[in-house]
Amino acid sequence: MALKRHFMEDVNRIKLVLVEKKRTNKWLSDQMGVTPSTVSKWCTNSSQPDLPSLLKIADLLEVDIKELIVREYKKFLVSQELTKEARAEGKIAYTICLARRKKAIAK
């Protein structure tokens, strides 16, 4: 049960993104045309939105859908960008990029 709960926390980040975007469950339910209790279930992982609903939620919140389902998405994006920079700048710069990555991830 603990493994399933941990997995579900990683899968659904709707509530966190709503807070980051300063939006409420009521706002999302109005925008989606569903009941507030449906949004509450999505936010507490009692149930999950279907893929079309998840895409619509991402559009409404102006985020990439991955941000709704991947816990470390922002850190992942930072690390990918820094890795691309390092490849472009060469091996010497790679060490500098690693330091930047550690600093960016720490934020």
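Glu 62 is exposed, with a relative accessible area of 68% (exposed means over 50%, buried under 20% and partly exposed in between, using a 1.4 Å probe and protein chains only). The model is a predicted one, where local features need pLDDT of at least 70 and side-chain atom pairs count only at pLDDT 80 or more, while totals for chains, interfaces and linings use all residues. Residues are numbered from 1 along each chain as its sequence is written, and side-chain values use heavy atoms, with hydrogens and water left out.

Glu 62 sits in the loop between helix 5 and helix 6 (65-69) (helices are DSSP runs of H or I with at least four residues, numbered from the N terminus). Its phi is positive, about 55°, although Glu 62 is not a glycine. Most residues other than glycine have a negative phi. Asn 45, in the loop between helix 4 (36-43) and helix 5 (51-61), also has a positive phi, near 65°.

Now for helix 3, residues 25-32: its buried residues are Asn 25, Trp 27, Leu 28, Ser 29 and Met 32. They pack against helix 2 (14-20), helix 4 and helix 5.

The axes of helix 3 and helix 4 come within 8 Å and cross at roughly 115° (axes are lines fitted to C-alpha atoms over the stretch in contact, with angles from 0 to 180 degrees between N-to-C directions). Among the residues making this contact are Leu 28 and Met 32 of helix 3 and Val 39 and Trp 42 of helix 4 (contact means heavy atoms within 4.5 Å).

Notes. Helices (H or I, at least four residues) and strands (E, at least two) are DSSP runs, numbered from the N terminus.
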